[in-house]
Amino acid sequence: MNDQYGRRIDYMRVSVTDRCNLRCVYCMPGEGFSFLPHEDILSFEEIERVCRIGVRLGITKIKLTGGEPLVRRGIPDLVGKLKGIPGIDEVTLTTNGILLKEQINELVSNGLASVNISIDTLDERRYFRMTRGGDIKKALEGMESALKYPDLKVKVNCVPFCEEDCISLALLAKKRKIDVRFIEMMPIGMGKEFHGVSEEELLGILGEKLPRFSPYVGEPLGNGPCHYYDVDGFSGKIGFISAVSHKFCGECNRIRLTSQGFLKTCLQYAAGRDLRGVIRSGGSDEELKAVILEALAEKPDGHVFGGGLEKQKD
Ligand code: SAM
Ligand code: SF4
């Protein structure tokens, strides 16, 4: 399906839970918030139904996310169910990796194509502080367990805070077949309180410490806005997802389903449609499809994060 600006929408991010086993400082408050009751969250059957209708509208790729998707029981089963929908080419996952080791076998057997593991620092103490209590060893075990599956694409996503972390994380791509992607801090949620490192700054830092960088020019990699570099002697690539300094809304191919079943068409705006309400009031597939199309008709042409990475105000 195309939106009103002619963008082809074929990718849906599906949040399966608002819960998480970490509390990354730029993502969640440390305290003073409550999670949704279980009955407010879409069931797997409801998620599958929305995805089936999504396929009729041109969705071919689904990314499971959260919160932390792997804290919800049965995610490998959900992967299998979604992968089994005719027309779905790829089911992928974004995780902090903490629970990955124990689920990876079933995830891969059920058809997971790719996993993004979010790790912002390899330093044990900094990781503990930044995630408010996380154990980097567990995240790295998760990453290593994923690397044992040669057909599974493994990427590490990092929201960088300091020079040392950028270099040590980039070096993960030297010997291992991992693409390491640096994500600019976005002024959404708790991220408004933090200063990010821009792509330009990162290129400067990495360019000084790593071998020669050259923009990757082969077949497009992945489903999103990441642009990649080859580094001499590295097995994996280095990528940048720079929503603020290199706005990529013109190529946006995605919609987002929240864990409560609200369909959002842009991560910055609250606008969208409540699909759970339609489903739970007995709406037909045709009604659901019409509501998805209504949401899509209002997809904004882009976010307005502003041109810089300076602290944003509400
Ligand atoms: N818990 C999983 C994880 O950490 O990968 C999935 C959900 S998490 C919200 C998905 C990604 O969003 C993570 O890579 C995280 O670093 C990133 N993220 C969260 N808040 C952000 C912000 N304000 N700016 C940029 N990236 C952010
Ligand atoms: Fe949890 Fe992921 Fe947010 Fe960190 S970034 S608090 S792991 S949802």
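Predicted model: local features only at pLDDT ≥ 70, side-chain atom pairs only at ≥ 80, totals over all residues.

**The ligand shells and their setting**

Mentor: By class, four nonpolar, two polar and one charged residues make up the shell around ligand 2. The residues concerned are Cys20, Leu22, Arg23, Cys24, Cys27, Gly67 and Asn96. The protein has a mean pLDDT of 90, with 94% of its residues at 70 or more. Residues 307–314, however, have a pLDDT below 50, although in the model this stretch has 16 contacts beyond near neighbours in sequence.

The polar contacts of ligand 1 can be described atom by atom. A polar backbone atom of Gly67 is 3.0 Å from a nitrogen atom of ligand 1. Glu68 contributes through its side chain, a polar atom of which lies 3.1 Å from a nitrogen atom of ligand 1. At Thr95 the backbone is again involved, with a polar atom 3.4 Å from an oxygen atom of the ligand. Of the 540 Å² of accessible area that ligand 1 has on its own, the protein covers 85%.

Turning to the aromatic residues, the structure holds six aromatic pairs. One of them joins Phe33 and Phe35: their ring centres are 5.2 Å apart and their planes stand at 90 degrees, so the arrangement is edge-to-face. Phe33 has a relative accessible area of 31% and is therefore partly exposed. Phe35, at 26%, is likewise partly exposed, because buried would require a value under 20%. Phe161 and Phe194 form an edge-to-face pair as well, with 6.0 Å from centre to centre and 85 degrees between the planes.

Note on methods: Residues numbered from 1 in each chain as written. Chains lettered and ligands numbered in written order. Heavy atoms only, no water. Polar contact = N/O pair within 3.5 Å; in protein donor to acceptor, adjacent residues only side chain to side chain. Areas by Shrake-Rupley, 256 points an atom, 1.4 Å probe, with all protein chains shown as cover. pLDDT = per-residue confidence, 0-100. Contact = heavy atoms within 4.5 Å. Near = heavy atom within 4 Å. Nonpolar A, V, L, I, M, F, W, Y, C, P; charged D, E, K, R; others polar. Phe/Tyr/Trp six-rings, centres within 6.5 Å; stacked < 30°, edge-to-face > 60°. Buried < 20%, exposed > 50% of the residue type's maximum accessible area, 1.4 Å probe, protein only.
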